[in-house]
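Me: I have a structure open and would like to go through it with you. Could we begin with the charged pairs?

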Amino acid sequence: MATLLRTSAAIRADALVERVADNPVLALATGAEPSATPSSEQPQLAEPSRALALSDVIAVKAGPGEALMRLAYRLGVPGHALAAPFRRPQPLRVVATVESPNRGDRAAGTALRAGHFLIHGARLPIASFDFSAAARHAPGVERVLHSFSWLADLAASAARADGAAVAERIATQWLHAHREVGKGPAWETEHAGLRLVAWLVHAPLMLGGQDKQLKSRLLAAIAETAGWLDKRAPREDAGFGQVAAWAGVVAAGLLLPHGKPRRLFGEAGLVKALGDMVGEDGGLLSRCPAAQLDAIRLLTDLIACYEAVDVTPPAALKVMRELLVPPLLALRHGDGMLGSWQGQGAISADRINAVIEASGVRTRPLSVVQGWGYQRAKAGETLLQFDTAPPPRAKHARTGCASTLAFELSDGPQRVIVNCGGAALAGGQVPARIGQGLRATAAFSTLVLDNANSTAVLLNGQLGKGVETVNFDRRTVPSRGREATRIDAAHDGYASRFGLTHQRILTLSGDGTELAGEDLLIPTSKNGKRGKIAFALRFHLGRGVEVQLSGDKRGASLLLPDGRLWQFRLGGDRAGADAITLTAEDSLWVDGDGRPHATEQLVIEGLALRSGGHFSWLLRKTG
């Protein structure tokens, strides 16, 4: 199977090379939505991979002189000595004004002008905020603060003259607290790279105030950060942090004097880092939709830096940005918001629309995202999202969650089945102590054995042992005279502990009115273990869905906020289990702004035989 995957990737790589030769921008936006059915009849191995990396097929072109300049800069020769060897170095300044199409959050910017950071729905007073390197805040708070992403929010909320004083105030406090380079969370590579890009893109806001001493300190900090990233970026592990670091290097090469050697050095590193971060179909190996959104936004800012100095960016940057968009669109529900995957809340439609519009990419969502692992099926107004891949590897995980074989279901603008989401937003309105629980398998709409996670959930967003491989098969099947979409997937997360494989089969009818599900527990050896094990099938319900259990406790009515009605029903068989019960319990759903909402969940519980079990259920739209 691995050989087949490599061969397929090679064929796609050859095709991509031909398309790039015809059009350096690789116009994916004109294509139709991909077919929902793979041609192979055999189950496919779904695991985030790097079978096709753009860095393998689109190298940064450079003549002998530029290649030599890049090499000399990497070896430590100063940029001014290479760019202008017979001239005196120019004074440190930002050489151009960047007009980025990216726009920040106006509400967050207004809060800044009123004296507060607004992060994940929580208001944090600037006057009493602890900026020191020793302070420890929630990861989401640190990302906003130290990346200076709040500059875009401030720019969106007021004219430059009105926002400059606020920017000066915060920058003064931050610079005073972070005098030592490389110390504290502010100097995590991702934060430092994003911060440098933000400083350069929003230089008029940062450097346009009346405090000349602060302007001098900021310029020195820009040069210092760029020099630190020159050394740090090549040593950083693959992932978004490394991409952010290289983006900072390239931006500095474009917008600081004598920057050509640094730009050439950074471009080579950036293209390689993008290839290491992104899978064959455009999904980040972190499998995180928020990181996917951040990557698109970062590339848009960086391309705007090229436009500001009238330099043509490497073709790979625009190609990559176009490759990133379709997988992201695959996770949009009918309400325009994203599904709740890998710790994220339901990111708002307005935020997604703004980033996509700024990118200029016009395309359709991918139906089958094999590398990223999120299957998408749509019939009528019903949309299904299904996680058919292992969680991200530890080196790629941002806020890793044990969500394998979970699904979400929406009917038009209404969400029927969801995941709790929001682990990455803990520290705002979601208490930090709850964030860890939101990463657990029980916080997702899937099966849980013995109340254990399918993949071990560790601290600091990392994951341990558990799901290694997921085999899946997707095809169309006849159903009541129409074609239905059938997705069959199985993971090995419980195999080593309990000797059982979890297999889930979801079939969405052609008209979107039925979703039939089967959950199977299959022994990993011919001689299954004796005894029984507790299991729970959880179906977290969308916000505002009213539940009414049937009299026989084998079904439930689900009334959606707009009056639509779905019926949930357990299958007639009870193979491999005793005393199955269906109950309605409390649950939690976190929106895209980090606000938690009380919801409910349907829970099927019982004792399954260690020799295997089979549990079927049906969701049917009846009104």
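Me: How many salt bridges are there?
Reply: The count comes to 24 salt bridges, where a salt bridge is a side-chain nitrogen of Lys or Arg within 4 Å of a carboxyl oxygen of Asp or Glu. This is a predicted model, in which local features need pLDDT of at least 70 and side-chain atom pairs count only at pLDDT 80 or more, while totals for chains, interfaces and linings use all residues. Residues are numbered from 1 along each chain as its sequence is written, and side-chain values use heavy atoms, with hydrogens and water left out.

Me: Which residue does Arg262 pair with in a salt bridge?
Reply: Arg262 pairs with Asp230, and their closest N and O atoms are 2.8 Å apart. Arg262 belongs to helix α13 (residues 260–277) and Asp230 to helix α11 (residues 212–232), so the pair ties together parts that are 32 residues apart in sequence. Helices here are DSSP runs of H or I with at least four residues, strands are runs of E with at least two, and both are numbered from the N terminus.

Me: Is Arg262 buried or exposed?
Reply: Arg262 is buried, at a relative accessible area of 15%, and Asp230 is buried at 12%. Buried means under 20% relative accessible area, exposed means over 50%, and partly exposed lies in between, with a 1.4 Å probe and protein chains only.

Me: What about Glu180, which partner does it have?
Reply: Glu180 forms a salt bridge with Lys183, with the closest N and O atoms 3.9 Å apart. Glu180 is partly exposed at 48%, and Lys183 is partly exposed at 45%.

Me: And which residue forms a salt bridge with Asp562?
Reply: That is Arg564, with 2.7 Å between the closest N and O atoms. Asp562 is partly exposed at 38% relative accessibility, whereas Arg564 is buried at 15%.

Me: Which residues are joined into one network?
Reply: Arg143, Glu190, Asp294, Arg351 and Arg398 are joined by salt bridges that share partners.

Me: Changing topic: where is Leu405?
Reply: Leu405 is in the loop between β5 (382–387) and β6 (407–411), and it is buried, with a relative accessible area of 0%. Leu405 and Ser445 are 40 residues apart in sequence, yet their C-alpha atoms are 8.2 Å apart in space.

Me: What does Leu405 touch?
Reply: Not counting residues up to four places away in sequence, Leu405 touches several residues, among them Phe386, Ser445, Val470, His502 and Arg504. Contact means heavy atoms within 4.5 Å.

Me: Where does Thr404 lie?
Reply: Thr404 also lies in the loop between β5 and β6, and it is buried at 1% relative accessibility. A polar atom of the Thr404 side chain lies 3.4 Å from the backbone oxygen of Ala389. Leaving out residues up to four places away in sequence, the contacts of Thr404 include Pro390, Pro391, Val467 and His491.

Me: Now the helices. How many residues of α12 are buried?
Reply: In α12, 16 of its 16 residues are buried. Helix α12 (residues 240–255) reaches 22 Å from its first C-alpha to its last, close to the 22 Å expected at 1.5 Å a residue; the expected span is 1.5 Å times one less than the number of residues.

Me: Why is α6 described as largely enclosed?
Reply: Helix α6 (residues 139–147) is largely enclosed by the rest of the structure because 7 of its 9 residues are buried. Those buried residues pack against β2 (116–119), β3 (122–125), α7 (150–157), α8 (160–177) and α9 (189–201).

Me: What follows α6?
Reply: Phe148 follows α6, and its phi is positive, near 60 degrees.

Methods:
A polar contact is a pair of N or O atoms within 3.5 Å; within protein, one must be able to donate a hydrogen and the other to accept it, and residues adjacent in sequence count only if both atoms are side-chain atoms.
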